[in-house]
Amino acid sequence: MPFSGLSKFGISFLSKFRCSQMPHPLLQQYTFIDTPGVLSGEKQRIERSYDFPAVTEWFASKCDLILLLFDPHKLDISDEFKEVISSLQGHDDKIRFILNKADQVNTQQLMRVYGALMWSLGKVINTPEVMRVYIGSFVDKPQNDGIMGPLGKELFEKEHEDLLKDLKDIPKKSYDRRVNEFVKRSQAAKIHAYIIGHLKNQMPLLFGKAKAQDLLIHNLDNEFAKVQQRYRIPGGDLPNVDRFRTILATYDIDKFVRLKKHLVQAVDDMLAHDIPSLLQEAQHLS
């Protein structure tokens, strides 16, 4: 199992992590990760004893599809759920929303529930694209056709088919997604090198290094803006400045290496030539 990287989240998490293997042909191509329910109270979050959003982010970076389930009677997005959704930033193309147990409300109520869900999601998801929401009753119980009627039954069947098609397409899209993920990480590494090289250049040669580092960390927003302007980096590609500031405070900037332009050029050449060749090979294989 490729889960050795989870050890960094400590015993509190590992003692709750479970794996099950089942003899089913479907599971030869798929691995399903089922997360615990999102908590609403601060007391419950503290009692969880591990960083749930950080664990979610770890899985999100490695999976092919992310399904977020909502209940028609529980549409409130708690603070922890907001943190979870925030941790999924950069993986928008993988996210699908599911309005589950929709057979518990009638057609008129379902319209209101759907509108309320879209409104709630619009406040926490920063994307101009319309979010895909599957509507149905994805549980191991008979569907309540009496409440929804024939129109609801037809809707649920079509939504069920669309969701299954989305799941079946995962192996086909996996190769492209892995290449795209590699491209994103390569771009992120290049931007990271730009930032580190820039910060190193701002450090004095002899005296006042500690004061200079404190000033750079305090004014990191301005330093990011300088890097963005100099290397023409899109604003959305820069790392989170607050998180970067927190991590940066644990390092000695003076020990950073200067930017090596030949290595950056090697990454650019790889992205310009090697990646298109990989994608062409993938098209021939398919």
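Start by selecting E57 and R243, whose side chains meet in a salt bridge at 3.1 Å, N to O. This is a predicted model. The two partners sit far apart in the chain: E57 is in helix α3, R243 is in helix α10 (residues 241-248), and 186 residues separate them. Colour both by accessibility. E57 is partly exposed at 28% relative accessibility. R243 is partly exposed too, with a relative accessible area of 48%.

**Stop 1**

The whole structure holds 13 aromatic pairs. Pick F17 and F59. Their ring centres lie 6.3 Å apart, with 35° between the planes, and the pair is tilted.

Which of the two rings is buried? F59 is, with a relative accessible area of 13%. F17 counts as partly exposed, at 22% relative accessibility.

W58 is buried, at 10% relative accessibility.

Turn to the face of the W58 ring. What lies over it? K62 does, at 4.3 Å from the ring centre.

**Stop 2**

Return to charged side chains. The structure has 16 salt bridges in total. Side chains of opposite charge can pair when their charged atoms come close.

Select K94 and E181. Their side chains form a salt bridge at 4.0 Å, N to O. K94 lies in the loop between α4 (79-87) and β2 (95-99), and E181 lies in helix α7 (residues 170-201), so the contact ties together parts 87 residues apart in sequence. Are these two residues buried or exposed? Both K94 and E181 are buried.

Next, select D254 and K200. D254 forms a salt bridge with K200, and the closest N and O atoms are 3.7 Å apart. D254 is in the loop between α10 and α11 (261-285) and K200 is in helix α7, so this pair ties together parts 54 residues apart in sequence. Compare the two ends of the bridge. K200 is buried, with a relative accessible area of 13%. D254 is partly exposed, with a relative accessible area of 22%.

Which residues do salt bridges with shared partners join into one network? Show K94, E181, K184 and R185.

**Stop 1: two cysteines**

Select C19 and C63. A disulfide is a covalent bond between the sulfur atoms of two cysteines. How many disulfides does the structure hold? The count is 0. C19 is in no disulfide, and its nearest cysteine sulfur, that of C63, is 15 Å away. C63 is likewise in no disulfide, with the sulfur of C19 as the nearest cysteine sulfur at 15 Å. A disulfide would need the sulfur atoms within 2.5 Å. C19 is partly exposed at 45% relative accessibility, and C63 is partly exposed at 23%.

**Stop 2: the sheet**

Hide the side chains and switch to a cartoon view. In what order do the 3 strands form the open sheet? They run β1-β2-β3, with parallel pairing. The edges are β1 (66-70) and β3 (133-135), each of which pairs on one side only. Look along the sheet for its twist, which averages 25° from one strand to the next.

Zoom in on β1 and β2. They pair in the parallel sense over 5 bridges. Pick I66 to find one of the contacts: its bridge partner in β2 is I95.

**Last view**

E57 reaches R243 through a salt bridge. W58 has K62 over its face. F59 pairs with F17 in the tilted arrangement.

Notes: Residues numbered from 1 in each chain as written. Predicted model: local features only at pLDDT ≥ 70, side-chain atom pairs only at ≥ 80, totals over all residues. Heavy atoms only, no water. Phe/Tyr/Trp six-rings, centres within 6.5 Å; stacked < 30°, edge-to-face > 60°. Buried < 20%, exposed > 50% of the residue type's maximum accessible area, 1.4 Å probe, protein only. Lys NZ or Arg CZ within 6 Å of the ring centre and 35° of its normal. Helix = DSSP H or I, 4+ residues; strand = E, 2+ residues; numbered from the N terminus. Pairing = 2+ DSSP bridges. Axes fitted to C-alpha atoms, helices over the stretch in contact; angles between N-to-C directions.
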